Amino acid sequence: MQWRSLVLGLLLLRLGLQALLALLPALAPGLCLRRRFPFPFPPPAALGPPAAPAGSSYWGSLLRRGGGDGGTTGGDEYERRYSGAFPPQLRARLRDAARGMFVFGYDSYMQHAFPQDELDPLHCRGRGPDHDPSNLNINDVLGNYSLTLIDALDTLAVMGNSSEFQKAVKLVIDTVSFDKDSTVQVFEATIRVLGSLLSAHIIITDTKQPFGDMTIKDYDNELLHMAHDLAVRLLPAFENTKTGIPYPRVNLKKGVPPDSNNETCTAGAGSLLVEFGILSRLLGDSTFEWVARRAVKALWNLRSNNTGLLGNVVNIQTGHWVGKQSGLGAGSDSFYEYLLKSYILFGEKEDLDMFNDAYRNIQNHLRRGREACNEGEGDPPLYVNVNMFTGQLMNTWIDSLQAFFPGLQVLIGDVEDAICLHAFYYAIWKRYGALPERYNWQLQAPDVPFYPLRPELVESTYLLYQATKNPFYLHVGMDILQSLEKYTKAKCGYATLHHVVEKTKEDRMESFFLSETCKYLYLLFDEENPLHKSGNKYMFTTEGHIVSVDERFRNSLWKDILPGEEDSAEKIKPNELKAVNFSSNCNRVPDERRYLLPLKSNYMRQIDRMVGLI
């Protein structure tokens, strides 16, 4: 009987410890508890039976047989699954499957939802704003302006569908108006609508026409005029703020609502410069770039004197940080992205200086784990959420938006670190067949379990393949494509996963699924795409819209109305941009560091254990 009592006692102790671990994230702020790395990962035996990854049963059996003690057999299984040539016939089939995914979603929207903003793929109907002020998840995005059609324009061009592209552009010109009593988030309207209009305009007016004949008969810059009209309606958000940081929302007909919130996130206020800058330089009107650049500088000047980090929520009137979390996910992500991409596009040295400073502070305070990705001892590298003033850990979760960061690292040539961070997010995908919105790396479980068809992991996969040409990333893309088909396909399109474990669906297909997720998947498998072959250099916006990097965006106008900036803002010429790769054109391979697998098998297995996959 004593041994039974002992076993029972140990079981109760284990349950108690697990309950305590589950409560710690919520209790930590009040108890001033801060977990510091390196953190202990549970031994494999404590993780329970491995969950089968999405995809074929053969692949699932490979991973299951590869679990255990990290011996040579597991390494052989990884080699067998991922390394070696990727058959061109398979690649062509996957390219066509990605195109078919887009076509099914796009045609379903046009048949069942247009001219409304989004498609409800379960009930085959359209969705627009409901004008409920509390329902920000819907109304921040939907403006009653055929959002999904506009957001998908350049994807049609990239896939070479000139007839549908021309038809869609004419529909937008003939049917869409921004003179609507709709209150939208400035950030979402900018990246999804303004950015797509500008991208389509650039494609139409490109004299080279690399994607086929995308010209529009009698086109008179209508999309550019529409972009101008929308931007003018967004400008009131930048007025009457003591810091120059814009209000988060604006009514397209009436301006800033009288009860508007004075708090905004760093990404929302600081990720407008690419679209506003392009518009200014195409129009010859500095107003739009100036207000966007002023907001970036205002946020930058509020960074911590101690760590150099920024928080994630700020009061636009007082400049006080309401949210002190510094991370790479929601609320912060595209702020860093656009510091670099503004430099790539406009060549302003101060943008690069800010990015380099920010990246250095991120490495110093957010990065945990071993120094090198593919060698050494210790935990795999991971970027965590910290207090902007102290650098102390604030919580033990990461969110799916952070999966964009490996792609950004590719653009600055930090490919080795990008490889390791990407492997972490891919391991989570393998476990669930999707990325949960928040994943708790300490508890090895989702904190927020839904997946709204986000593109960030696909984007990083595509950019890493372009940088390394390693077929491993084609296997990753195949996994993602199969998971989307298996778990998210609905009667009329593709649906948000309400729960990544239970695989229940929500009746919503966000516009970025067509503008980004499908586009990056298609480009990953389309080696011969003109985007990869043309003499042009292209950059993707944060919404996945393509813009050409050329001289017409190199003429600064904003310095005329920012006194004292002339001397400090040094111009970089396009041929001097040696430190960065231009999205699809970043074909540089790390010197002497191309492995059969981008990560050694033992490190891949370590990351799989880290997320409870094996």
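Reading the features one by one

Modeller: Start with helix H13, where Phe288, Glu289, Val291, Ala292, Arg293, Ala295, Val296, Lys297, Ala298, Leu299 and Trp300 are buried. Keep in mind that this is a predicted model.

Biologist: How many of the residues of H13 are buried?

Modeller: Eleven of the 14 are buried, and H13 is mostly covered. From its first C-alpha to its last, H13 reaches 20 Å, close to the 20 Å expected at 1.5 Å a residue.

Biologist: Which residue forms a salt bridge with Glu289?

Modeller: The general idea comes before the case. An α-helix has 3.6 residues a turn, so residues three or four places apart point the same way. Here Glu289 forms a salt bridge with Arg293, and their closest N and O atoms are 3.1 Å apart. Glu289 and Arg293 are separated by about one helical turn because they are four residues apart in helix H13. Both Glu289 and Arg293 are buried.

Biologist: How many salt bridges does a search of the whole structure find?

Modeller: The search finds 32 salt bridges. One of them joins Asp181 to Lys254, with the closest N and O atoms 3.7 Å apart. This pair links distant parts of the chain, 73 residues apart: Asp181 is in the loop between helix H8 and strand E3, and Lys254 is in the loop between strand E4 and strand E5.

Biologist: Are Asp181 and Lys254 buried or exposed?

Modeller: A residue counts as buried under 20% relative accessible area and as exposed over 50%, with partly exposed in between. At 39%, Asp181 is therefore partly exposed, while Lys254, at 62%, is exposed. For another case, take the salt bridge between Arg508 and Glu510, whose closest N and O atoms are 3.7 Å apart. Arg508 is buried at 6% relative accessibility, and Glu510 is buried at 8%. Salt bridges that share partners join Arg508 and Glu510 into one network with Glu118, Asp120, Arg125, Arg127, Glu188 and Arg192.

Biologist: What span should helix H19 have?

Modeller: The 16 residues of H19 should span 22 Å at 1.5 Å a residue, and its end C-alpha atoms are 23 Å apart, which agrees. In H19, 13 of the 16 residues are buried, so this helix is largely enclosed by the rest of the structure. Helix H4 can be checked in the same manner: its 25 residues should span 36 Å, and its end C-alpha atoms are 36 Å apart.

Biologist: How do strands E13 and E14 run?

Modeller: E13 and E14 run antiparallel, and three bridges join them.

Biologist: Which residue does the UniProt annotation "binding site" cover?

Modeller: The annotation, from an unreviewed entry, covers Thr542. Thr542 lies in the loop between strand E19 and strand E20. With 15% relative accessibility, Thr542 counts as buried. Leaving aside neighbours within four places in sequence, Thr542 is in contact with Ile191, Ser334, Glu337, Tyr338 and Glu516. Of these, Glu337 also has a side-chain polar contact of 2.8 Å with Thr542.

Biologist: Where is Thr215 found?

Modeller: Thr215 is in the loop between helix H9 and helix H10. Its relative accessible area is 33%, which makes Thr215 partly exposed. The side chains of Thr215 and Asp213 are joined by a polar contact of 2.5 Å.

Terms used:
Residues are numbered from 1 along each chain as its sequence is written. This is a predicted model: local features need pLDDT of at least 70, side-chain atom pairs count only at pLDDT 80 or more; totals for chains, interfaces and linings use all residues. Side-chain values use heavy atoms; hydrogens and water are left out. Helices (H or I, at least four residues) and strands (E, at least two) are DSSP runs, numbered from the N terminus. The expected span of a helix is 1.5 Å times one less than its number of residues. Buried means under 20% relative accessible area, exposed over 50%, partly exposed in between (1.4 Å probe, protein chains only). Two strands pair if DSSP finds at least two bridges between them. A polar contact is a pair of N or O atoms within 3.5 Å; within protein, one must be able to donate a hydrogen and the other to accept it, and residues adjacent in sequence count only if both atoms are side-chain atoms. UniProt positions are given in the numbering used here, feature names are shortened, and annotations may be inferred rather than shown by experiment. Contact means heavy atoms within 4.5 Å. A salt bridge is a side-chain nitrogen of Lys or Arg within 4 Å of a carboxyl oxygen of Asp or Glu.
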